[in-house]
Amino acid sequence: MANVIRLRKGLNINLKGRASEQVSKAVVSGEYALVPDGFVGVTPKVVVHEGDYVKAGDALFVNKHYPDVKFSSPVSGQVVAVERGERRKVLCVKVKAEDEQHYQSFDTLDVKAAEGSQVIDLLLKAGLFGYINQLPYAVSTNPTVMPKSIFVSALRDMPLAADFEVELKGNEEAFQTGLTALSRIAKTYLGIGAKQQAAALVNAKNVEVNVFDGPCPAGNVGVQVNHINPVNKGEVVWTVNPSAVIFFGRLFMTGKVDLTRTIAVAGSMVKEPSYVSTLVGTPLSVILDSKLTTNEHVRIINGNPLTGVKSSLNDFLSPCASEVTVIPEGDNVNEILGWIMPRFGQFSTSKSYFSWLCKGMEYDLDARIKGGERHMIMSGEYDKVLPMDIYAEYLIKAIITGDIDRQEQLGIYEVSPEDFAVAEFVDSSKLELQRIVRDGLNVLRKENA
């Protein structure tokens, strides 16, 4: 019997443009790119050159500080470009896909009888280990520190987020294989939602299943860690995206790296929001081809509207993005009287607008902040939407002032930037809370190195 954890704090934001459960035909491109920025905390060192031939599963770059952690190509073909930005920062490695795909061959593994070290070694060889993140610091982990536990959250409850149950269809065996493999490394916890009914989730084997019943951000893996097995100073837990668990399972079953995934193409500026099957690194221009209602005044987001990255049609699908969302930019909106208007179609957490009377209403929100940065007032509004046992506002102030001792006392080792996404949405001070938390974690990581 799964353990049920009920959360009261949080906020569900019902945005217009949620993807229907229909899965469109596979999106195929002639060129793909792996973007290092999709792996937080990794300093890439490119190990290929323009003109090189690679197979799917061959390394394109490695983590400079941990060279054993490789990042593999999603396709086979010719490396056509290594794009760099300021100070020669690696932006992406592009591969022109050949018509007939060839895969690098790796060993298969009987995960039920395997040792944890064997699982880690195969993930390292195949270039998939970098898909595992860790707390503290919310960065891609390294194989030198073993975790006390591993967490997988199959609940995606951010606005317009993809439903993992759609992606799970047809991948149940690979998902269970991936979970079993992780359980050979350390005790593994699977978090699911109260409304999720897939047998592969509810009856998952070799893991402890916990049901989270509550509003967003109940699906955040950091929230789940906080309620089940909190991270203390000196401890490490690994967190794994459920899509990556499927990648792992395919590797152990077939000996091949297959980065195919099902993502949601959603948002009010998408003609028919739905799911598509594609590869990590697919150009967004191909994914969104003929799907937008207009190409002007739109915000394209690699991910969901709260935690995703602002992108353009020239960018590529992030390794960890489960959706591509498109909402109005709002830069062409001119309102008479501004906030004084009744605003029947606008969302408000304080019931300032009459729209709160319309239960179940879908909101077509744009990307405007609607106000400038203001003084931080200790109002407790963060605590209302953050279901974690921390004093969020005091932690943010400690990060801003650079008080590391205070940050540690207030639980910075337990949090990741995405945990503050909903708090950032409701913040009347208009602070970039996710950026502040990320900067604080980066400083702490450097200090403790």
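In this predicted model, Asp 439 and Arg 435 both sit in helix 12, four residues apart, which is about one turn of the helix. Their side chains meet in a salt bridge, with 3.0 Å from N to O. Arg 435 also forms a salt bridge with Glu 432, where the closest N and O atoms are 2.7 Å apart. Through shared partners, salt bridges join Glu 432, Arg 435 and Asp 439 into one network. Arg 435 counts as partly exposed because its relative accessibility is 42%, and Glu 432 is likewise partly exposed at 42%. Asp 439, at 36% relative accessibility, counts as partly exposed.

The count of salt bridges comes to twelve. Another of them is formed by the side chains of Arg 250 and Asp 258, at 4.0 Å from N to O. Here Arg 250 is buried, with a relative accessible area of 13%, whereas Asp 258 is partly exposed at 26% relative accessibility.

Helix 12 (433-448) also takes part in covering helix 9: what covers the buried residues of helix 9 includes helix 8, helix 10 and helix 12. Helix 9 spans residues 392-401, and its buried residues are Ala 392, Glu 393, Leu 395, Ile 396, Ala 398 and Ile 399. After helix 9 comes Gly 402, which has a positive phi near 75 degrees. Helix 10 covers residues 404-409 and contains Arg 406. Arg 406 is in contact with Tyr 394 and Ala 398, leaving aside its neighbours within four places in sequence. With 36% relative accessibility, Arg 406 counts as partly exposed.

The interior comes next. Nonpolar side chains in soluble globular proteins tend to be buried together. The largest nonpolar core in this model has 67 residues, and those with the most contacts inside it are Leu 128, Tyr 131, Leu 190, Phe 248 and Phe 252. Helix 6 (residues 242-254) gives the most to this core, with seven residues. Phe 252 touches Thr 108, Leu 109, Val 111, Val 119, Leu 122, Leu 123, Thr 177 and Ala 181, when residues up to four places away in sequence are not counted. A second, separate core has 60 residues, including Tyr 363, Ile 399, Leu 410 and Ala 421.

A pair of aromatic rings is described by the distance of the centres and the angle of the planes. The count comes to eleven aromatic pairs. In one of them, the rings of Tyr 131 and Phe 247 have centres 5.8 Å apart and planes at 85 degrees, so the pair is edge-to-face. This pair links distant parts of the chain, 116 residues apart: Tyr 131 is in the loop between helix 1 (116-126) and strand 10 (132-135), and Phe 247 is in helix 6. Tyr 131 counts as buried at 5% relative accessibility, and Phe 247 counts as buried at 2%. In another pair, the ring centres of Phe 347 and Tyr 363 are 5.1 Å apart and the planes lie at 80 degrees, so this pair is edge-to-face. Phe 347 and Tyr 363 both lie in the loop between strand 20 and helix 8, so the pair ties together parts 16 residues apart in sequence. Both Phe 347 and Tyr 363 are buried. Elsewhere, Phe 39, Phe 61, Phe 71, Tyr 131 and Phe 247 form one aromatic cluster.

The loop between strand 20 (323-328) and helix 8 (381-385) also holds Leu 337. Leu 337 is exposed, with a relative accessible area of 55%. Together with Ile 336, Ile 340 and Met 341, Leu 337 forms a nonpolar patch on the surface, with about 430 Å² of accessible area for the four together. Phe 354 lies in the loop between strand 20 and helix 8 and is partly exposed, with a relative accessible area of 46%. Phe 354 touches Pro 342, Arg 343 and Phe 344, not counting residues up to four places away in sequence. The C-alpha atoms of Phe 354 and Arg 343 are separated by 7.0 Å.

Ser 318 is found in the loop between strand 19 (309-311) and strand 20. At 16% relative accessibility, Ser 318 counts as buried. Apart from neighbours within four places in sequence, Ser 318 is in contact with Gly 38, Arg 261 and Asn 302.

Definitions and conventions:
Residues are numbered from 1 along each chain as its sequence is written. This is a predicted model: local features need pLDDT of at least 70, side-chain atom pairs count only at pLDDT 80 or more; totals for chains, interfaces and linings use all residues. Side-chain values use heavy atoms; hydrogens and water are left out. A nonpolar core is a set of buried Ala, Val, Leu, Ile, Met, Phe, Trp, Tyr and Cys residues joined through side-chain atoms within 4.5 Å. Buried means under 20% relative accessible area, exposed over 50%, partly exposed in between (1.4 Å probe, protein chains only). Helices (H or I, at least four residues) and strands (E, at least two) are DSSP runs, numbered from the N terminus. Contact means heavy atoms within 4.5 Å. Patches are made of residues with over 30% relative accessible area and no salt bridge: like charges are joined within 9 Å, nonpolar side chains (Val, Leu, Ile, Met, Phe, Trp, Tyr) within 5 Å. Accessible areas come from the Shrake-Rupley method with a 1.4 Å probe; for residues, only the protein chains shown count as cover. Rings of Phe, Tyr and Trp (its six-membered ring) pair if their centres lie within 6.5 Å; planes under 30 degrees apart count as stacked, over 60 as edge-to-face and the rest as tilted.
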